Amino acid sequence: MSSIAIVDEDKSVRDSVADYLTLAGFDVIAFASASEALTHLEISPLDIVITDIPLKGTNGFELTDTIKKNFTTDVIILTGYSTGYSYEEAINKGASDFVFKPVRFEELLLRIKRVLHERRLTCERNEMLNRLKRMAVTDPLTRLFNLRYFYNQLEKEIDRFNRYNRPLSLMLLDIDNFKIFNDTYGHLEGDRILVNLGKVIRECLRTMDSGYRFGGEEFTIILPETTVNEGLVVAERIQKAMRDSSFSPVSAPEPVITTLSIGLTEYASGEPLKEFVRRTDRAMYLSKARGKDLISLLNKDNTE
C-alpha cells in the first residue's frame with residue numbers, strides 16, 4: 001500500500017483529502033506543519049507528500065527542497081494561490097506535480113497515480129542499473145569482485161594509506177594442485193571448489209575487507225586498517241575453513257581435502273601499486289615452493 005502525507009494548515013482540507021485518499025486505498029497521514037512532516041520522514045518513509053505553499057515557519061517550496069535533498073519521497077504541491085506561483089517554479093524545486101485548489105478529487109487521484117507510476121519506473125530502472133553495475137565488477141562464478149575492480153579498489157586504499165598513514169595489507173591465495181584435480185575429476189568438479197572458496201572467503205572476511213578472483217584458481221583480498229600480523233589471523237581462518245570443506249567427486253574413492261598456498265604482505269610507504277602486488281605474488285609462490293598449504297610473509301626488502 002502506497003503511503004501519502006497531506007500537509008496543510010486548513011484542517012478541513014487535511015481531513016477531506018485524507019478521507020478521500022484513504023477510501024481510494026492509500027495509507028494516509030495528515031500534518032498541520034512542515035516540521036511535523038519532516039519529523040515523520042526521519043522515522044518512517046513516505047511515497048508522496050502533498051503540501052500547500054503557505055505553512056507555519058516555512059513554505060511548501062522550502063519543504064519540497066528539504067525533502068528532495070534528504071529523502072526519496074515525491075512531492076505534489078496543492079495550493080489555492082493561482083497567482084505568484086507557477087508550475088515551472090514548483091518543478092524546479094523538485095516537485096513532481098502542481099495542482100490548484102479547489103481540487104477535484106478525481107483529478108488529484110489521477111495525478112497521484114501518475115506520480116506513483118513514474119516512481120515505480122524509476123525504482124525499476126535504478127535497480128536494473130545497480131544490477132548491471134554489480135555484474136560489471138563481479139565474477140559470476142564465485143560472486144567475488146573481479147580483477148578490474150580489484151585494481152581500482154587497491155589504488156583507492158593506497159591513496160587512503162598516503163592520506164592517513166594507516167596500515168594496509170594484501171593477501172594472495174592459490175588452490176593447491178588445482179590442475180591435477182581438474183584433470184582427474186573434470187572442470188565441473190573444479191568449479192565446485194572455486195564456488196566454495198568464494199563462499200569461504202566471503203564468510204571469513206571482516207566488514208572492512210574485500211575479496212576478488214584474481215584469475216583462474218588465484219584469489220586476492222584487500223585488508224585495510226590491517227597489519228601483516230593481523231592479516232595472518234584472517235589468512236589462517238580462511239585456510240582452516242577450506243581444509244574443513246571436503247569434496248566428494250563421483251569418481252573419487254574418498255573425500256578430497258583442498259588446501260591453499262597464501263602470500264601476505266603489508267604496504268610500504270611510497271611503494272608502487274604493481275610492485276606491492278608482485279611482492280604478494282612472490283610470497284604466495286614461496287608458500288608453493290616450500291611444500292604448499294602454507295602462509296608466507298614478505299616485507300619490502302623481500303625478507304621474511
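Is T220 buried or exposed? T220 counts as buried, because its relative accessibility is 1%, and the cut-off for buried is under 20%. Bear in mind that this is a predicted model.

1. **T220 and its surroundings.** T220 sits in strand β10. A polar atom of the T220 side chain lies 2.8 Å from the backbone oxygen of M171. Leaving aside residues up to four places away in sequence, T220 touches F150, L170, M171, L172, L173, S210, G211, Y212 and F214.

2. **Strand β10 as a whole.** Strand β10 covers residues 218–224. Seven of its seven residues are buried, so β10 is described as mostly covered, given the under 20% cut-off. Both faces are covered. One side carries E218, T220, I222 and P224. The other carries F219, I221 and L223. In general, side chains of a regular strand alternate between the two faces of the sheet.

3. **The sheet that holds β10.** Five strands make an open sheet here, ordered β9-β10-β8-β13-β14. Its pairing is mixed. The edges are β9 (210–215) and β14 (295–297), each of which pairs on one side only. Direction ignored, neighbouring strands are turned by 20 degrees against each other on average.

4. **The two partners of β10.** Strands of a sheet pair through backbone hydrogen bonds, either parallel or antiparallel. With β9, strand β10 pairs in the antiparallel sense over five bridges. G211 has I221 of β10 as its bridge partner. R213 has F219 of β10 as its bridge partner. Strand β8 also runs antiparallel to β10, and seven bridges join the two. On that side, L173 stands opposite F219.

5. **The β9-β10 turn.** What do β9 and β10 form together? They form a hairpin, with two residues between the strands. G216 lies in the turn and has a positive phi of about 60 degrees. This is a spot to look at on the backbone trace.

6. Helix α6 (residues 147–164) lies across β8 (168–175), β9 and β10. Its direction is at about 130 degrees to β9. Helix α8 (residues 187–204) lies across β8, β9, β10 and β13 (260–266). Helix α8 runs at about 10 degrees to β10.

7. **The other sheet.** A further open sheet of five strands has the order β2-β1-β3-β6-β7. Its pairing is parallel. Here the edge strands are β2 (27–31) and β7 (97–100), and each pairs on one side only. From one strand to the next, the twist averages 20 degrees.

8. Strand β1 (residues 3–7) pairs with β3 in the parallel sense over four bridges. There, V7 has T51 as its bridge partner. Strand β6 (residues 74–79) runs parallel to β3, and four bridges join them. I50 of the pair stands opposite I76 in β6.

9. Strands β6 and β7 pair in the parallel sense over four bridges. The bridge partner of I77 in β7 is F98.

10. Helix α1 lies across β1, β2, β3 and β6. It runs at about 175 degrees to β2. Helix α2 (residues 34–43) lies across β1, β2 and β3. Helix α2 runs at about 140 degrees to β2.

11. **How α1 meets α5.** Two packed helices are described by the angle between their axes and the distance between the axes. For α1 (residues 11–23) and α5 (residues 105–137), the axes come within 11 Å and cross at roughly 65 degrees. The crossing is right-handed. From α1, the contact uses S16, V17, Y20 and L21. From α5, it uses F105, E106, L108, L109 and I112. By class, the residues of this contact divide into seven nonpolar, one polar and one charged.

Technical notes. Residues are numbered from 1 along each chain as its sequence is written. This is a predicted model: local features need pLDDT of at least 70, side-chain atom pairs count only at pLDDT 80 or more; totals for chains, interfaces and linings use all residues. Side-chain values use heavy atoms; hydrogens and water are left out. Two strands pair if DSSP finds at least two bridges between them. Axes are lines fitted to C-alpha atoms, for helices over the stretch in contact, and angles run from 0 to 180 degrees between N-to-C directions. Contact means heavy atoms within 4.5 Å. Buried means under 20% relative accessible area, exposed over 50%, partly exposed in between (1.4 Å probe, protein chains only). A polar contact is a pair of N or O atoms within 3.5 Å; within protein, one must be able to donate a hydrogen and the other to accept it, and residues adjacent in sequence count only if both atoms are side-chain atoms. A crossing is left-handed if the near helix is turned anticlockwise from the far one by less than a right angle, and right-handed if clockwise. Ala, Val, Leu, Ile, Met, Phe, Trp, Tyr, Cys and Pro count as nonpolar, Asp, Glu, Lys and Arg as charged, and the others, Gly among them, as polar.
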